[in-house]
Amino acid sequence: MKKIFLALFSVFTLVSVADAQKKTSGAIQFENTVDPAAMAAASGMQIPDQMKARMPSSSKSNFELLFNATNASYMPVEETEDSNGGGSGGGMGRMMMRFGGAGGNREYYYSFADQKLSEVFDLNDTTYYMPSKLELSTSGPIGSFRMGGRNSGDTANAKPVVPPRIEVVKTDATKKIIGFDCKEVIVKSTRSVKILDVERDVTEETHIWYTNDLGFNFSPNPKMWTEGAVLAIEGRGNSTIAKSIEYRGVSAKDVTAPKKARLITEADYKTKMDNMMKRFRNNRPGGNFGGGRAVVIGGGPF
């Protein structure tokens with residue numbers, strides 16, 4: 001009887017170890033929803049009904065986090081026809097899509113051992129990788145609108161935007177997301193905005209839901225992170241939420257930055273962006289933005 005018990009215990013232990021190993025790699029599907037009108041309202045902008053009617057309606061896009069025991073990658077995906085009939089959803093496969101680096105979506109590659117993060121993007125027909133890190137940005141939450149403008153004769157660089165006041169609040173709230181117990185952190189961002197020549201403070205709130213049960217650090221927006229693996233970021237008019245998880249084998253190639261990518265520092269990237277904006281302004285009629293006002297959607301990699 002003792003031998004039978006020991007044999008059953010050994011089998012149970014082997015199964016448990018195999019199951020634990022199996023759960024060290026897989027894929028998590030995220031859905032991002034953007035509502036421009038709601039984002040504008042959250043930032044204190046007064047939008048006439050006629051303008052609201054012309055604004056694009058809310059849109060959704062899909063992202064995928066691939067992870068194994070040592071690395072992870074996060075990038076946009078789109079449904080595409082699979083000629084072999086593979087994939088889920090009636091023969092629909094999933095294809096990774098790289099977008100431009102000038103404000104578009106990017107690929108992110110994580111190395112767990114040294115806590116390194118690389119942003120990969122295409123710019124001017126060249127693929128770059130830029131070292132980055134998980135952190136909480138001081139420039140504001142994911143749905144920030146920055147209002148700016150120039151005088152018609154102003155050809156100097158725009159005045160720097162004053163960083164908002166950031167407050168981080170850990171709450172006792174919890175909720176289940178794709179089977180994981182998640183804790184909540186609220187990031188409150190307060191900035192001074194001039195609307196119709198009246199200065200007022202506008203506070204935006206972003207809710208970050210994270211878990212420590214996955215065993216690695218991650219966020220769908222690397223600039224909106226405090227700890228653990230973030231499975232949901234919810235702001236007014238902009239949210240990214242994990243919808244499903246599938247445990248399966250993930251190759252090292254799928255979670256490693258492409259070797260053809262060239263290194264670019266944040267300073268060099270900023271210089272390139274500034275030069276592109278200068279050329280854009282110079283190519284416009286009149287040579288600059290004139291007396292109009294520009295609306296820029298700020299935020300993370302969505």
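A cavity is a set of points, on a 1 Å grid over the protein atoms alone, where a 1.4 Å probe fits but cannot get out. Its volume is the space filled by probe spheres set on the points, which are joined across faces, edges and corners. The structure holds one cavity of 30 Å³ or more. This is a predicted model, in which local features need pLDDT of at least 70, side-chain atom pairs count only at pLDDT 80 or more, and totals for chains, interfaces and linings use all residues. Residues are numbered from 1 along each chain as its sequence is written, and side-chain values use heavy atoms, without hydrogens and water.

The largest cavity holds about 50 Å³ of space. Its lining residues (an atom within 4 Å of a point) are Y110, S111, F112, Q115, K116, L117, L134 and N217. Strands are DSSP runs of E, at least two residues long, numbered from the N terminus.

Now the core. A nonpolar core is a set of buried (under 20% relative accessible area, 1.4 Å probe, protein chains only) Ala, Val, Leu, Ile, Met, Phe, Trp, Tyr and Cys residues joined through side-chain atoms within 4.5 Å. The largest has 32 residues, and I28, F30, Y110 and L231 have the most contacts inside it. β12 (229–235) gives the most to this core, with five residues.

Next, the pairing. Strands pair if DSSP finds at least two bridges between them. β1 and β13 (residues 238–247) pair in the antiparallel sense over nine bridges. There, F30 has A242 as its bridge partner. β12 and β13 also pair in the antiparallel sense, over four bridges. I233 stands opposite T240 in β13.

Note on methods
1 Å grid on protein atoms, 1.4 Å probe; cavity = no way out; pocket = protein on both sides within 12 Å on 5 of 7 lines; lining within 4 Å. Buried < 20%, exposed > 50% of the residue type's maximum accessible area, 1.4 Å probe, protein only.
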